[in-house]
Amino acid sequence: MPYLSIRRKLPSFRIVKTMEENKELYNFNEIEKKWQNFWETNKTFAAKDYDKSKPKYYVLDMFPYPSAQGLHVGHPEGYTASDIVARYKRMKGFNVLHPIGWDAFGLPAEQYAVKTGTHPAITTQQNIENMRRQIKALGFSYDWDRQVDTTDPKYYKWTQWIFLKFFNSYFDQTEQKARPISELIKKLDAGKLCVGTDGQAVAANLVPAVMGEPVGTRKWYELNKEEKEEFIDEHRLAYEDEVPVNWCPELGTVLANEEVIGGISERGGYPVIRKPMRQWMLRITKYADRLQDDLKFVDWPPSIKKLQTDWIGKSIGAEVDFKVDGFDETITVFTTRPDTLFGATYMVLSPEHPIVDEIATGGQIKAVEEYKKAAQSKSDLDRTDLAKEKTGVFTGAYAINPVNETKIPIWISDYVLISYGTGAIMSVPAHDDRDFEFAKKFNLPIIPVVEPEDKTLAQKVEKGEYCFIGDGIAINSGKFTGLSTADFKEQITNWLEEKDLGSKAVNYKLRDWLFSRQRYWGEPFPLLHCEDGSTIAVDEKDLPLVLPQVDSFKPTGDGQPPLAKSVNWLNVKLPDGRNAKRETNTMPQWAGSCWYYLRYLDAQNDKAGWAKENEKYWMPVDLYIGGAEHAVLHLLYSRFWHKMLYDLGYVSTPEPFTKLINQGMILGEDGQKMSKSRGNVVNPDKVITDYGADSMRLYEMFMGPLEAVKPWNTQGVEGVYRFLNKVWRMVIDEPNNIADIDADEETGRLLHQTIKKVTQDIDNFRFNTAISQMMIFINHINRLETKPKKAIEAFVLILSPFAPHIAEELWQRLGNKNTLAHENWPKFDENLAKEKEIELAVQVLGKIKDKIIVSIDADEEEIKQKALASEKVISAIAGKEIKKIIVIKSRLVNIVIG
RNA sequence: GCCGAAGUGGCGGAACUGGCAGACGCGCAGGAUUCAAAAUCCUGUCCUCGCAAGAGGGUGUGGGUUCAAUUCCCACCUUCGGCACCA
């Protein structure tokens, strides 16, 4: 039994061995806490306002809504990317502003309050605390002193202040920008402007004796007090209007068009109906052109620009007047295809068009009434649902086509929207899909007026079998026949203007922004409704107007907001003794997020929302990272607010966000969207507990391109965790193997290649390939007997933006006293990064036959000789004639034979 | 229906401006270490045929341009995202 005795000895030997090695494990938990505390106590990442010694860099994250569920693995993705850039830029010598805050108003906290009676402020604070803990656990380099919370009165004081800027401004058409309303009044008082027939301000004729005033205009002094007030109110950028709104009974509030998806509320998924209500609106439509045009100044993904462009939906065309046969009435239609006027065979009005009742005749009156009623009771959902089949009724009346005096029937149908254009269209079934469908269903005539280039297509169009919506050559169009679509459009528009039958016109899909909500948990409007019906602003010095305590957070169900029940708060005695009531609506959640990036510039300022010097120093935001779900809503609204503030001189740049990147969604391990119901939600807390924040950060960046949608895979986290362990062991387990020696040639080259690739990859937001390069470097260096210290230090520095905790720890263990957060980013030497010898593929007719090794500066002739000397190549050529040899230096050789 | 993005091994993905497809990681297989396991290390891993050397095929499908195509062009299919009668 000699074996036994040997075995008995083994354990004691192993214990000795383990003690000798004294391995220190990678204790991420301890290290991460240590450095997070260090950064916090030392305020390592505090941004210095107007530090002129360094260039500034403002890197912004879309701030989160503090939900009860806490952080989601999707959040850290964008936050890690921006943090890498922030840390990298600091090491590159920039003064970096990298802030975070809380978009804390919103429905979930309020819904919870309605259910449980807990004040939303309490839940909100709890959620913020929890999420702040989670975010801090990831080691992001935020300047925590600049944290903002949109529900803090110290913050929303300024949201209200900005609202008053909207309320006290108008849009000057000539200058195309916002001006204080006081300037408008001044001009009216001075007689430079007068009141036009449409209620708009028009330039007064300075020489009335010669020209006479335009018909219907009135002088300012001719208006009484009420008329003046009404006129002013109609010019404010924030105004009240009775509008059909998206009323969601379940949520007890109205929603913006953008918040309703297919007749269902975006939040909660409840049905939404149309209902006319008194609402506060913001005149975003005045900015439509600038919001569109200024997109050319920003470096955003083209797809996001396109979404905004589509949302704004600018279309250029003409308004054309059609006389109604037998009535002293004209119906104006908007069309983008005035060149198809000769093909207009009928006209369609929206059921809500004001002229419908007047012109409906005889036997058709009843049908029209019934149709109108049906359309009214249809919800948006029904309207879209039934959209597959067109409906409509004939009014009994006829219009006269102004270009050829033809009588065409007037119909009504709900496929024509009252809210767009003039609420009436001319129908050209031969060249518009919707009109074609309608004409087929109701057997209306189809006259082709545009001939497509394609001959077979042209024949089909001729027979009325095919609807052609493209450009072509005009046919059946009187004296315009033969013109191209573009020429026709121009000539007919001029012709219409000459004959006073129409004019060039521009329309937008964009509607004014419905800005009020019948909810409790939002910013109160700083407005007072006086007994005489006028509305006045709360004085700026009395801001913030703080939300009152209420007994119940329930909406009343008839549209009366919860604030209406807070009697003490509601009723106000004005200094002049009059009684007034406060506005009881609150602002939508977007309000706070429209300008938070400005508050970060000067978060503690209680004299102003931000100091002008701070704004001039930090703005614009250099890099903005967030989800693509905000492509139109938040980004369009912020741009709008920013432009208004720009017009009034409060900010110095026309656009707030220079560069925008959207991180892609992270799916569950099953490749599906993460959701509680699917049970595939990954909790960041658990990942941090199991593998550490550095692994979490590294994994999220390693998964794939930042912008891509990609599934989570916990085993993938394990992979990057192993990588960090290798890095750890390189420095900690084998400290004796690190020495102050020069790197060998290959190691040096790989180091410089790695620095180069990581640097360029961060610059291009390609974090996944940067990480794989660092893995290649570590795999190499771990094979070395003795490791050059300088190379290891450089590596730790380039690793630090990705995995900052372990990097700080290793940096310290390597004998450095200070944090590496402000160390210089390692530089690479292009020459040292270059390979000396390279392997070239040798192809014969595009197929690889052999590989040759040549020096980097071998000339073409040398490469050719070497390639032709290869035995495999010789046998592949097999005596055939060589037609051509293509040499791509540093790539390959291709021999063409024939 | 329209618009946009994308389709590459078992999986996530890589490939500069048309120039060796599959880097890096996961998984899997085999081996070393271990009494055993974990951890770690080494080797292999696109597919087919072959013991092997090697041969052929291969980036959603079908065509085209080119000495050379994941990359450019045309048509189609699929998936994801957005819009949804905006005249």
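This is a predicted model: local features need pLDDT of at least 70, side-chain atom pairs count only at pLDDT 80 or more; totals for chains, interfaces and linings use all residues.
User: Where does Gln 589 lie?
Analyst: Gln 589 is in the loop between strand 27 and helix 19 (590-593). Helices here are DSSP runs of H or I with at least four residues, strands are E runs of at least two, and both are numbered from the N terminus.

User: Is Gln 589 buried or exposed?
Analyst: Gln 589 is buried, with a relative accessible area of 19%. Buried means under 20% relative accessible area, exposed is over 50%, and partly exposed is in between (1.4 Å probe, protein chains only).

User: Which backbone oxygen lies 2.8 Å from a polar atom of the side chain of Gln 589?
Analyst: The one of Phe 105. A polar contact is a pair of N or O atoms within 3.5 Å; within protein, one must be able to donate a hydrogen and the other to accept it, and residues adjacent in sequence count only if both atoms are side-chain atoms.

User: OK, back to strand 27. Which strand pairs with strand 27 over 3 bridges?
Analyst: Strand 24 (residues 527-530) does, in the antiparallel sense, with strand 27 covering residues 579-582. Two strands pair if DSSP finds at least two bridges between them. Cys 530 has Ala 580 in strand 27 as its bridge partner.

User: What's the order of the open sheet with antiparallel pairing?
Analyst: That sheet has 4 strands in the order 25-24-27-26. Its edge strands, each pairing on one side only, are strand 25 (535-537) and strand 26 (571-573). On average, neighbouring strands are turned by 40° against each other, direction ignored. For such angles, axes are lines fitted to C-alpha atoms (for helices over the stretch in contact), and angles run from 0 to 180 degrees between N-to-C directions.

User: And what's the order of the open sheet with parallel pairing?
Analyst: The 4 strands there go 2-1-28-29. Strand 1 (residues 56-61) pairs with strand 28 (residues 621-627) over 3 bridges, with Leu 60 opposite Tyr 624. Strand 28 is joined to strand 29 by 6 bridges, and there Tyr 624 has Leu 660 as its bridge partner.

User: How many residues of strand 29 are buried?
Analyst: 5 of its 7, so strand 29 is mostly covered.

User: Switching topic: how is chain A divided?
Analyst: Into domain 1 (45-162 + 590-667), domain 2 (171-201 + 210-277 + 513-582), domain 3 (319-507), domain 4 (684-832) and domain 5 (835-897). These bounds come from an automatic or database domain assignment. The C-alpha centres of domain 1 and domain 5 are 57 Å apart.

User: How many residues are in the largest nonpolar core?
Analyst: That core has 88 residues, and among those with the most contacts inside it are Trp 712, Phe 723 and Phe 802. A nonpolar core is a set of buried Ala, Val, Leu, Ile, Met, Phe, Trp, Tyr and Cys residues joined through side-chain atoms within 4.5 Å. Helix 25 (residues 714-732) gives the most to this core, with 9 residues.

User: Why does this core lie between domain 1 and domain 4?
Analyst: Because both domains give residues to it. Apart from it lies another core of 75 residues, including Phe 163 and Leu 635.

User: Now the RNA. How many residues surround RNA strand B?
Analyst: 48, and the closest are Thr 336, Arg 434, Arg 511, Lys 851 and Arg 891. A residue is near a strand or molecule if one of its heavy atoms lies within 4 Å of it. A polar backbone atom of Thr 336 is 2.4 Å from a sugar or linking oxygen of RNA strand B, and an N or O atom in the side chain of Asn 768 is 3.0 Å from a phosphate oxygen.

User: Which element gives the largest share of the surface near RNA strand B?
Analyst: Helix 27, with 6 residues.

Technical notes
Residues are numbered from 1 along each chain as its sequence is written. Chains are lettered from A and ligands numbered from 1 in the order in which they are written. Side-chain values use heavy atoms; hydrogens and water are left out.
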